[in-house]
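Hi everyone, thanks for having me. Let me put today's structure on the screen, and then we'll walk through it together.

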Amino acid sequence: ENEEVKQSLIRFIDQLAAANVRRDQSWGWNMTSDPCKDKWKGVSCDLQLKSVKKVVLDELNLSGVVEIGSICKASSLSVLSLVKNDIIGLISEEIVSCKSLTHLYLNGNKLSGHLPDSLSQLSNLKRFDISNNNFSGKVPDMSRISGLLTFLVQNNQLSGEIPKFDFSNLMQFNVSNNNFSGPLPDVKGRFSAESWSGNPELCGESTSKACPPSSPSTPKSKDSSRMPFLIYSGYAVLGLIILLVGAFILVGTKKPKEDKADVAGKGVNEYTSSSYDESKFTMYKSEYSASSEESRVTMSPLVVLRSPTAHALKFEDLLRAPAELLGKGKHGSLYKVTLDNGATTLAVKRIKDWRVTSQDFKRRMQRLHRARHRNILPSVAFYSSKQEKLVVYEYQPNGSLSRLLRGSENGEAFDWGSRLNIAATVAEALAYMHEELREDGIAHGNLKSTNILFNNSMDPCISEYGLMALEREVPSSNNSQSNSFENNDPDPDRVSRSFKADIYGFGVILLELVTGKLVQGDAFELVQWVNSVVREEWTVEVFDRGLIMEGASEERLLILLQIALKCINPNPYERPEINQVALSINTLKEEEDKSSSYQ
Ligand SMILES: Nc1ncnc2c1ncn2[C@@H]1O[C@H](COP(=O)(O)OP(=O)(O)OP(=O)(O)O)[C@@H](O)[C@H]1O
């Protein structure tokens, strides 16, 4: 193990085994010994005694704070077990660095706070047991963790809906004695009522309560649940800040000099840097060194299209700069990269599995570069090698539409006039791009509210235009040609469907704007709910309560809803063209402007 990991492990135990536990020499866990070779207490390693695989510290009366950020520095950790102690603290977002984690056993402690969203990214997780703690708030979406075998969260104060799982693989499931609400997922008779008892708000066939027909995400209880939510998240944030400040001080004082060399030399995937000690990581260096080698012999790898403040951005600059992982989606990862000591901040999209030739990728990026619109975020540069496709944007510090909507869910103002403006601006920008790039067959490909960003003047900008290959549109066939760039495969039907998919994506954004409900993961749930409410003619129910209270015109809300419903028509060919949509929204906006100026 390198020194940095060792230090983090020691920090972890120092926090965990607060004053009450006497650690004698036999425990190890000090800088003069090696966790693997000297068999630190509770630590198991791989066969070569190089990396820590398991940390098991069960029933040791530990009563300190769990510091996930420290233990996850041992990024090859697959088992963390701290069962039946008195440990306090929370599971921080930094758990995402424990990407090899398969078993997390934290049952029987005093842990609290919200579960981090990043849990959903631990794709190797098999056993998850946090029962008998004080966790609160919602459980993040875990549907992507397809191999999950155990989900034990009984005896906490968790609330919200039980997230979706692949129940077919699940062997142990217990959510009893929490505050879960909404429908009980279909457990197909595999688990008994004891697995979910003690949640009076749960509803559905297997419970004593029938589910109301209306909403998939319990909008009616939204107001009443808001206060506790805010309070809990306040605690979580506070806890996190305290932990981070503590960690920061420690990192700052103990930083070893040879960090970078170690990380690169060992070839470990340390590129998922955590928020507080970014400076310790170079951006995905080990992973990329191969590609930059390769690219030297092929084409010029990094093509700078425009330079924001950095005149001559080099690939090496990107590699060397501190990077922070902002998101990891189906289509790739996004890193925030800081250059020149903070003078320039970039967002680097690393596209996953795009089997397009470098030549085609280059042609596409240059074509996109020529189609400029002030509400389309231009790329600053791109990088292409056989294994890697990167697209560089300027970092937009004002957040996304998705974030704005989340803020409004939590009580921040987001008025009807602004929503209509955003809808109109985005529609117009999309109409421009569709017109401009129709012949090239390049649609956006992944239009959603996280890809609508606000620039410095708080104008909405569509980001990541055209980064998705066509195959996302249709179920992929075995034919490898189908994954290639559409110039080689100009199936007009598929191309036209990709444009229609943008219309659908835009329709979903409109739904989010009028309902105030955020799509998380799959948009289908929101679409289904809106359709069911509209079918029952309870249309007013569908609108964001905040908008109704603000006095937004229900008539115009309804018009926007109707436009949205046309866009999400299940039959792609019946969806309108975006220029028609843009026109309708603009007319609506003009009416709105007129009426408000007469008030
Ligand atoms: N240029 C940027 N500046 C600031 N934030 C950005 C930028 N681009 C994206 N983001 C934000 O970073 C987060 C992660 O982006 P990412 O593209 O990985 O997410 P996504 O769009 O949900 O996923 P995917 O595109 O893979 O489906 C999102 O919340 C997004 O709003």
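I'll start with the sheet, move to the ligand, and finish with one lysine and a few other strands.

Two bits of housekeeping. This is a predicted model, where local features need pLDDT of at least 70, side-chain atom pairs count only at pLDDT 80 or more, and totals for chains, interfaces and linings use all residues. Residues are numbered from 1 along each chain as its sequence is written.

Okay, the sheet. Six strands make an open sheet, in the order β13-β17-β18-β16-β15-β14, with antiparallel pairing. At the edges sit β13 (302–304) and β14, each pairing on one side only. On average, neighbouring strands here are turned by 20° against each other, ignoring direction. Those angles run from 0 to 180 degrees between N-to-C directions, using lines fitted to C-alpha atoms, for helices over the stretch in contact.

Helix α7, residues 358–370, packs on this sheet and touches β13, β17 and β18. Its direction makes about 175° with that of β17. Touching, or contact, means C-beta atoms, placed from the backbone, within 7 Å.

Now look at β14 and β15, which share six antiparallel bridges. G329 stands opposite G332 in β15.

So what surrounds the ligand? There are 18 residues around the ligand, and the closest are G327, G329, L334, A347 and S400. Near here means a C-beta atom, placed from the backbone, within 6 Å. β14 (323–329) and β15 (332–339) each give at least two residues to that shell, and β14 has the largest share, with three.

Next, K349, in strand β16, residues 344–351. An unreviewed UniProt entry annotates K349 as "binding site"; such annotations may be inferred rather than shown by experiment. Is K349 buried or exposed? K349 is buried, because 23 other C-beta atoms lie within 10 Å; the cut-off for buried is 20 or more, with exposed at 12 or fewer and partly exposed in between. Leaving out residues up to four places away in sequence, K349 touches G332, L334, L390, V391, E464 and L467.

Last stop: β9 (157–160) and β11 (179–183) run parallel, joined by two bridges. G160 stands opposite F180 in β11.

Definitions and conventions:
Helix = DSSP H or I, 4+ residues; strand = E, 2+ residues; numbered from the N terminus. Contact = placed C-beta atoms within 7 Å. Pairing = 2+ DSSP bridges.
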